[in-house]
Amino acid sequence: ETGAVSLSISDGTTTLTPSTLTAASYNSITVSPTVTTTYTLTATDVHGVTTTKDVNNNPLTATVTVVNPPVINSFIASASTISQGGSVTLSWDVSNAAATPSGITIACLSNSCSFLTGGEGTAVPVSGDVPVRVGSVTFSPSVTSKYQLVVTNDAGTSITMEVTVTIVTAPNIDSFKATPSSIGTGTSTTL
């Protein structure tokens, strides 16, 4: 008989040999490592001969990479309320973002976003360095809008944070003058 009759999996410290881990009936096992771990499969035949290689002499190993969760340290607007025509700066500080364009994005959740070319719901990649990315974007929104920062790690786990910038109409002053505009010493004028 040339087939394996028992299997074991080792992470270098602990060997996993559940009673169901047999070559005839077993095809998977669930593990939950807390750090990146390489597992090695060992097959044993009826004569007690073991191997950790496949038929092509490749190692029977599987590495599970544990990725830290994404973190949003801060996401703020320089002002929560601005006058029509004014500008605002959105600033962020994040950790553990993927080093890809989708690692950090900002989406507008309102009907109109002036710094986003794709319109409502469009996520725009932002730049920065990994593992901690700090950045900002300054623009002049035309309407009250909600902005969502999305941070995604290398495992595809995402978190979000939102800020709202409210646009108010600037006061309209029809005129400002002194009547009369020229006066003598000791007299008064009306503004």
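The following paragraphs lead through a predicted model of one protein chain, from its overall make-up to single residues.

Residues are numbered from 1 along each chain as its sequence is written. In this predicted model, local features need pLDDT of at least 70, side-chain atom pairs count only at pLDDT 80 or more, totals for chains, interfaces and linings use all residues, and side-chain values use heavy atoms, with hydrogens and water left out.

The chain contains 0 helices and 13 strands. Here helices (H or I, at least four residues) and strands (E, at least two) are DSSP runs, numbered from the N terminus. Of the 191 residues, 26% count as buried. The term buried denotes under 20% relative accessible area, exposed denotes over 50%, and partly exposed lies in between (1.4 Å probe, protein chains only). Among contacts with a separation of 6 or more, 59% are made by residues 24 or more positions apart; a contact means heavy atoms within 4.5 Å.

Two strands pair if DSSP finds at least two bridges between them. Strands β9 and β12 run antiparallel and are joined by 5 bridges, with Ile-106 having Leu-149 in β12 as its bridge partner. Strands β12 and β13 are also antiparallel, with 8 bridges between them; Val-151 has Ile-159 in β13 as its bridge partner. These two strands, β12 and β13, form a hairpin with 5 residues between them, and Gly-156 in the turn has a positive phi of about 90°.

The loop between β9 and β10 (123–125) holds Ser-110, which is buried at 14% relative accessibility. Ser-110 and Thr-164 are 54 residues apart in sequence, yet their C-alpha atoms are 9.6 Å apart in space.

Strand β11 (residues 132–139) includes Arg-133. Is this residue, Arg-133, buried or exposed? Arg-133 has a relative accessible area of 5% and is therefore buried. The side chain of Arg-133 reaches the backbone oxygen of Ala-98 at 2.9 Å. This is a polar contact, that is, a pair of N or O atoms within 3.5 Å; within protein, one must be able to donate a hydrogen and the other to accept it, and residues adjacent in sequence count only if both atoms are side-chain atoms.

Some features of the backbone also deserve attention. Most residues other than glycine have a negative phi, and most peptide bonds are trans. Asn-57, in the loop between β4 (50–51) and β5 (61–64), has a positive phi of about 70°; Asn-57 is exposed, at 54% relative accessibility. Asn-96, in the loop between β8 (88–95) and β9 (104–108), has a phi near 65° and is partly exposed, with a relative accessible area of 24%. A cis peptide bond joins Thr-179 and Pro-180, with omega about -10°. Pro-180 belongs to the segment after β13 (158–168).

Phe-176 lies in the segment after β13 as well, and it is exposed, with a relative accessible area of 71%. Together, Ile-173, Phe-176 and Leu-191 make a nonpolar surface patch of about 440 Å².

Definitions and conventions. Patches are made of residues with over 30% relative accessible area and no salt bridge: like charges are joined within 9 Å, nonpolar side chains (Val, Leu, Ile, Met, Phe, Trp, Tyr) within 5 Å. Accessible areas come from the Shrake-Rupley method with a 1.4 Å probe; for residues, only the protein chains shown count as cover. A salt bridge is a side-chain nitrogen of Lys or Arg within 4 Å of a carboxyl oxygen of Asp or Glu.
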